[in-house]
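Here's a walk through one protein model, taking in its pockets and part of its strand pairing. Have the sequence and the 3D view open as you read.

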Amino acid sequence: MFDKIKARFTKHLIEREVQKQIRIKKAINLDSSKKIGILFNLNDEKVLTWVYDFINKLTDDGKIVRAICYLPEKKVPDYYLTKLKVDLIQPHDLNFFGIPGSPRVKDFIKNEFDLLLDLSLKDEPSLDYLIVMSKAGFKVGRYRKSMIKVFDLMIRKKEDMDFKDYYKSLLQYLSKIK
């Protein structure tokens with residue numbers, strides 16, 4: 001019961017920030033963007049490999065990329081330690097209400113990304129907070145009723161859709177924007 005109260009309060013904090021936020025929205029495709037922010041849940045090594053490959057592709061194309069992932073575990077897996085290109089948020093980085101406040105998170109929020117991509121497949125309030133607080137010109141993520149006022153483009157994810165399929169669908173929609 002206490003967790004439900006805490007979750008409601010966190011949701012209220014996020015909704016309040018949505019109402020206060022002023023940002024200039026601009027639809028942009030992947031090719032035209034220069035600065036890209038990426039958020040995702042670190043579920044397994046395959047997800048991290050896909051995201052790293054994506055980051056490398058974007059970087060090779062001359063884009064500036066910053067990524068943050070949420071790891072719900074206290075112990076950092078070995079496969080993450082071999083590739084330290086992504087900032088990590090863990091439970092000990094969150095305050096009582098699940099809001100991250102580390103310097104790397106504050107720095108991420110300050111960045112004025114052309115494009116912010118939420119690659120997470122399940123809800124994570126700490127990542128939602130980053131999405132809300134970001135001043136990105138174009139925010140793209142998975143469809144969620146609670147995030148309608150936040151995202152500029154939402155992609156509906158089927159129940160059985162894995163990360164690879166969601167990722168491909170996201171890229172397909174981004175390539176259609178002119």
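**Pockets and strands**

Let's start at the second largest pocket of this predicted model. Its lining is made up of Ile22, Arg23, Ile24, Lys26, Ile28, Glu112, Phe113, Asp114, Lys135 and Gly137. Sorted by class, that lining comes out as four nonpolar, one polar and five charged residues. The volume of the second largest pocket is about 210 Å³.

By class, the lining of the largest pocket splits into seven nonpolar, three polar and eight charged residues.

Next, have a look at strand E4, residues 115-118. Leu115 and Leu117 point one way, while Leu116 and Asp118 point the other way. Are these four buried or exposed? All are buried, Asp118 included.

E4 pairs with strand E1 (residues 35-41), the two running parallel and joined by four bridges. Strand E5 (residues 139-142) also pairs with E4 in the parallel sense, over two bridges. Leu117 is a handy landmark here: Ile38 stands opposite Leu117, and Leu117 also stands opposite Val140 in E5.

Finally, trace E4, H5 and E5 together: they make a right-handed β-α-β unit.

Terms used: Residues numbered from 1 in each chain as written. Predicted model: local features only at pLDDT ≥ 70, side-chain atom pairs only at ≥ 80, totals over all residues. Heavy atoms only, no water. Nonpolar A, V, L, I, M, F, W, Y, C, P; charged D, E, K, R; others polar. 1 Å grid on protein atoms, 1.4 Å probe; cavity = no way out; pocket = protein on both sides within 12 Å on 5 of 7 lines; lining within 4 Å. Points joined across faces, edges and corners; volume = space filled by probe spheres on them. Buried < 20%, exposed > 50% of the residue type's maximum accessible area, 1.4 Å probe, protein only. Pairing = 2+ DSSP bridges. Right-handed = clockwise from strand over helix to strand, strands pointing away.
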